[in-house]
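The sequence and structure come first.

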Amino acid sequence: MKKKVLITGGSRGIGLAIARKFYEGGFEVLICARGREGLEKAKAEMPDIHTFQCDISKKEEVLAFCEAVNQKHGALDLLVNNGGQYLQGHLHLAENVAYEQLLRTNVDSAFYFTRELIKPMKNRKKGTVVMMASVASLKAYQDGGLYGFTKYAMMGLARNFRAELAKEGIRVITIFPGAVKTSSWDWSDLDEARFIPAEDIAELVWSSFHLSSRSVVEDIVIRPSLGDI
């Protein structure tokens, strides 16, 4: 029986690179994303992939989706909480709507996906959860506080889930990428060589997942070789 992985935000960027890696590795791959067009492109590229439209900023959609996954697909081997949103700006100047949108998208969704989808993992005492954090989880950036605080929160979620779930046989891995060339950087004219390839993040997820169940890579920090942007 194929092992199963679900990747949130799996239709582009880092999520799509992870989906490709595990699809090519023979996994049953499930992805969700808000936009139908990206899902259709992923399906055209990987015909056997399972695609689901879900706005992860909406709790009701997330909970309904998780229930459907648990009922139809059962226990996942790997959950990758990759979906998120980037908005640049100062935290102290943030409008309510922007603050609440990022909190729902980047933090609440990871909480609900993890809480709901680990239930079958707990029943069989086996599973892995990957939290896609950021170097912005580790250092405050002057112009990035609105986004950065959500990544600090994701790090806190990951570390507390890890402490709670170790005895349940569930590993929690947190990845802290620096700048990866995704649509979040479409505004930048920096050379592509200045960024981490999304495929490198996928390789880290693959490698850390495939360690024995006796080991867990708790935190992985990866930056562009020339340093942060």
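## Helix pair α4 and α5

Helices α4 and α5 are roughly parallel to each other, because their packing angle is about 15° and angles under 35 degrees count as roughly parallel. Their axes, lines fitted to C-alpha atoms over the stretch in contact, lie 9 Å apart. The crossing of α4 and α5 is right-handed, that is, the near helix is turned clockwise from the far one by less than a right angle.

Helix α4 spans residues 96-124 and α5 residues 145-165. Contacts (heavy atoms within 4.5 Å) involve, among others, Leu-102, Val-107, Phe-111 and Ile-118 in α4 and Tyr-147, Phe-149, Met-154 and Phe-161 in α5.

## Basis of the model

The model is predicted: local features need pLDDT of at least 70, side-chain atom pairs count only at pLDDT 80 or more, and totals for chains, interfaces and linings use all residues. Residues are numbered from 1 along each chain as its sequence is written, and side-chain values use heavy atoms, without hydrogens and water.

## Strand β6

## Neighbouring strands

Strand β5 (residues 127-132) runs parallel to β6 and is joined to it by six bridges; strands pair if DSSP finds at least two. Met-131 has Thr-174 as its bridge partner in β6. The β-α-β crossover from β5 through α5 to β6 is right-handed, meaning clockwise with the strands pointing away from the viewer.

Strand β7 (residues 219-222) also pairs with β6 in the parallel sense, over four bridges, and Asp-219 is the partner of Thr-174 there.

Note on methods. Helices (H or I, at least four residues) and strands (E, at least two) are DSSP runs, numbered from the N terminus. Axes are lines fitted to C-alpha atoms, for helices over the stretch in contact, and angles run from 0 to 180 degrees between N-to-C directions. Angles under 35 degrees count as roughly parallel, over 145 as roughly antiparallel, 65 to 115 as roughly perpendicular and the rest as oblique.
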